[in-house]
Protein chains: 2
Amino acid sequence: LTTWRLTLAWDGAAYSGWQRQDGAPTIQACVEDALGAFFGVPRVVVHASGRTDAGVHALAQVVSFVAQEPRSPEKLRLALNTLLPRDIACLDAAIAPEGFHARFDVLDKTYRYVVLERRDRCPFRRDRALHLRGPLDWASVEAALPALVGPHDFTAFSVTGTELRSPIRTITRAEHLAMGEEHRLEFTGDGFLRYQVRRMVGTLLDVAKGRLPASEVAAVLASGDRGRAGKTAPPGGLYLVGVRYASP
Amino acid sequence: LTTWRLTLAWDGAAYSGWQRQDGAPTIQACVEDALGAFFGVPRVVVHASGRTDAGVHALAQVVSFVAQEPRSPEKLRLALNTLLPRDIACLDAAIAPEGFHARFDVLDKTYRYVVLERRDRCPFRRDRALHLRGPLDWASVEAALPALVGPHDFTAFSVTGTELRSPIRTITRAEHLAMGEEHRLEFTGDGFLRYQVRRMVGTLLDVAKGRLPASEVAAVLASGDRGRAGKTAPPGGLYLVGVRYASP
């Protein structure tokens, strides 16, 4: 038995998210089908570092699986890039230490939310960034970001129906990066609740638009009240940037 | 009567090029239909600085037309961005001097061809760049570029069936720009024959791959022999960057 670790990138616009579901195109189904074709089996079950929602992109998602037959990593990567649709790419295929699991072994993950602040929409960034006309108050956003860092109960930024596990997560980095008209909100943490990043972004964009004082973000978080958070920002602006593990 | 000048950007992946044709989606048809809806007439005939082929993109194409009714430029721009599909954007709408014609008045145009030199394809650049694994010899490409500058008979880089007008064009700038894995070949000139940029790029990529000596590019050009030029590079890598006019 060989444990494999894949690094995948995808444009999520055409997909109903990572997780396999009947009657909807998903990344997981594409990857499992491609691996099945390569290994000559009906299906290879894979585990990602976590789910991503419909329309969300990945620059480097990590996926693990166990295969019976040994294969060359180089051949697997090349074959996947032939077998997978053009909006999914395999950036790396490597043999992992026995027992490696892409979800259970996560050290931290980084997400990026991209806002395009410009007068007119950009035909090349549709479904890949949130277009806002501005002007946006990014200094206030930067003042609000530290409130999100640390271990917190992020219930205020979660959605109902996801209370099965603890709502406590630790964010180790929350940053605003400006590159011309492109603004990035980046978050690194040990994990994120479903919709958490998009709801934090929605709340921070209320701050950017002057609808919410920067100082109120801490109060929204502390309240645990979902009704006080901003809207869920649209999925097209969100990118899973990378996942880190204890073993390299 | 008001003469208008529009600046448009589009992602050409879904279109059969600029020029209106029956039964195929074209940029011209989208723009004329949107203008017709705005001005309340069946159709407004527009003139672009030139045609672009199927799959080719525009960062700033210029289009002119004449309308009966006066309108606010700001309102026209906003309305077009509502009426046009999401992969076409109006970046500017302005009242032009009487008699302005987007095709006849062109001073020069700039095209960019984008090559992505990296090991694996990028899901976000499919149809927007030519992916090549490399390694590519860009120093040799740079050595070949000056041969294309100046007034030349570009028949060698043209296609048959387009001999109606003179094949002489003047290229004033031919440049290679490297930005990490993204390589740009940029050409500014008073005009380009159909497929000329993509056939020049195809020939330069033969140089980059070591299949053609850099010094041979001048010979291919001088020969006027279409059979000696490289393949036509795929359209997704080509961008009309901008058009200049004598009057600003």
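**Close-up views of backbone features in the predicted model**

View 1. B:Pro135 sits in the loop that runs between β6 (130-132) and α3 (138-144) of chain B. In this predicted model, the peptide bond leading from B:Gly134 to B:Pro135 is cis, and its omega is near 0 degrees. Most peptide bonds are trans, and most residues other than glycine have a negative phi.

View 2. In chain A, the bond that joins A:Gly134 to A:Pro135 is a cis peptide bond, with omega near 0 degrees. The loop that holds A:Pro135 lies between β6 (130-132) and α3 (138-144) of chain A.

**View 3. The positive phi of A:Asp127.** A:Asp127, a residue other than glycine, has a positive phi, with a value near 65 degrees. This residue is found in the loop between β5 (106-117) and β6 of chain A. The relative accessibility of A:Asp127 is 35%, and the residue therefore counts as partly exposed, since that class lies between the buried limit of under 20% and the exposed limit of over 50%.

**View 4. The positive phi of A:Tyr195.** The backbone of A:Tyr195, which is likewise a residue other than glycine, has a positive phi near 70 degrees. A:Tyr195 is placed in the loop between β9 (182-189) and α4 (196-208) of chain A. Because its relative accessibility is 26%, A:Tyr195 counts as partly exposed.

Conventions
Residues numbered from 1 in each chain as written. Chains lettered and ligands numbered in written order. Predicted model: local features only at pLDDT ≥ 70, side-chain atom pairs only at ≥ 80, totals over all residues. Heavy atoms only, no water. Helix = DSSP H or I, 4+ residues; strand = E, 2+ residues; numbered from the N terminus. Buried < 20%, exposed > 50% of the residue type's maximum accessible area, 1.4 Å probe, protein only.
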